[in-house]
Amino acid sequence: MQITKLEFVNFRNYPSAKFKFSNGTTIISGQNGIGKTNLLEAIMVLSYGKSPRVSLEQELVNLNSQFARIIGHTHENDKLEVIISRKPESRRVQKTYKINNAQKTSTDFAGRIKSVMFAPEDIRLVAGSPSRRRDYLDRLLSQVHRDYRVNLNKYNRILKQRNKFLDSIKGQIVKSLHDAQFSVWDTQLVTAGEIIQNRRNDFFKFADLRLAQISGDLYKNAFLSLNYLKSDLTLARLNGIKQRELFYGTTQIGPHRDDYDFIMNNHSHFGLKGYGSRGQQRTGVLSLKILEIQYIQETSKENPILLLDDIFSELDEDYRAAIKTILNGRQTLITTADISSVPKDIKDNAQIINLS
């Protein structure tokens, strides 16, 4: 699935705008702060239903407006639309999803188009917080697995309710009168959590098969692996830690506590987070992005749109060569503040949009 045209109304710094894209490579050039990354962000919203860049989605709405609209047209003549409306006297928003003018749930909307975004700040996938790594995993798996989307939404809803209940009885001793309430939340939490963790486990098995070769081509004398740090969720474990949960007032185990390490193997084993140089960490993220493309292709049988946010200025020749190998045969959008940093053979065969 390819995006042929994007339309904005009150989205970010665009009161109104339209952009058309080729089915190959499009370079979006302009000064920093002019809104280049917003185009890539919009495609991510159309892919996943959410923005990867903000925690408060009201930031997607132009400051002078009460709503924003993102419309994407595909080469198969589908029209995808997301409307983001501010709620009165609230920091939250209401989102409406449409496909060909028919309203959809977020679950049915996400994954219609698939995209992979690579930006300089992705280095924080290695060195940043576990929540950042989980969010990345959720975006990837939600694009290709409907059952993951359904159960992730269900899990988060149940977790919120269970945590609210735990907080209301925080510091107390577990009593029989609590058992019925715990039974309701625990069974549902485990059922949804099992599906989430099974999908995550399948992804890490895929990584075990592919990532060594991908990273070996980039590191030359070493290779990368991902170590899934699974927070096992079972009824038995939940029953065993009830008193601890009452002490903290929150759910202590489950997919919301999962994490994973980037491990580089070169005669010894060490984690990139603690021991890797910035260059090694950047290579680790590039390896992960190539893995992500392969996973989407093999799982969904679709070619994801590649979104490259001003990365060429930070990459050396080896990395640029690696990037060029994954451009072939897929729609790609590249943003840059310095078009001279984009390799000439890419520019010569690209559509160029200059923002000013």
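This is a predicted model: local features need pLDDT of at least 70, side-chain atom pairs count only at pLDDT 80 or more; totals for chains, interfaces and linings use all residues.

Student: OK. Which residue of strand 12 is the bridge partner of Ser115?

Tutor: Ile305 is the partner of Ser115. Ser115 belongs to strand 8, residues 115-118. Strands 8 and 12 run parallel, joined by four bridges.

Student: And how many bridges between strand 12 and strand 13?

Tutor: Four, again in the parallel sense. Strand 13 covers residues 332-336. Within that pairing, Leu308 stands opposite Ile334.

Student: What unit do strand 12, helix 11 and strand 13 make?

Tutor: A right-handed β-α-β unit. Helix 11 spans residues 317-327.

Student: Why is strand 12 described as largely enclosed?

Tutor: Five of its five residues, 305-309, are buried, so the rest of the structure largely encloses strand 12. Both faces are covered. Ile305, Leu307 and Asp309 lie on one side, Leu306 and Leu308 on the other.

Student: Switching topic. Where does Gln252 lie?

Tutor: In the loop between helix 8 (242-248) and strand 10 (259-265).

Student: What does its side chain join up with through a polar contact?

Tutor: The side chain of Thr250, at 2.8 Å.

Student: And which residues does Gln252 touch beyond four places in sequence?

Tutor: Ser231, Ile241, Arg244, Glu245 and Arg257 are in contact with Gln252.

Key:
Residues are numbered from 1 along each chain as its sequence is written. Side-chain values use heavy atoms; hydrogens and water are left out. Buried means under 20% relative accessible area, exposed over 50%, partly exposed in between (1.4 Å probe, protein chains only). Helices (H or I, at least four residues) and strands (E, at least two) are DSSP runs, numbered from the N terminus. Two strands pair if DSSP finds at least two bridges between them. A crossover is right-handed if, with the strands pointing away from the viewer, the path from the first strand over the helix to the second runs clockwise. A polar contact is a pair of N or O atoms within 3.5 Å; within protein, one must be able to donate a hydrogen and the other to accept it, and residues adjacent in sequence count only if both atoms are side-chain atoms. Contact means heavy atoms within 4.5 Å.
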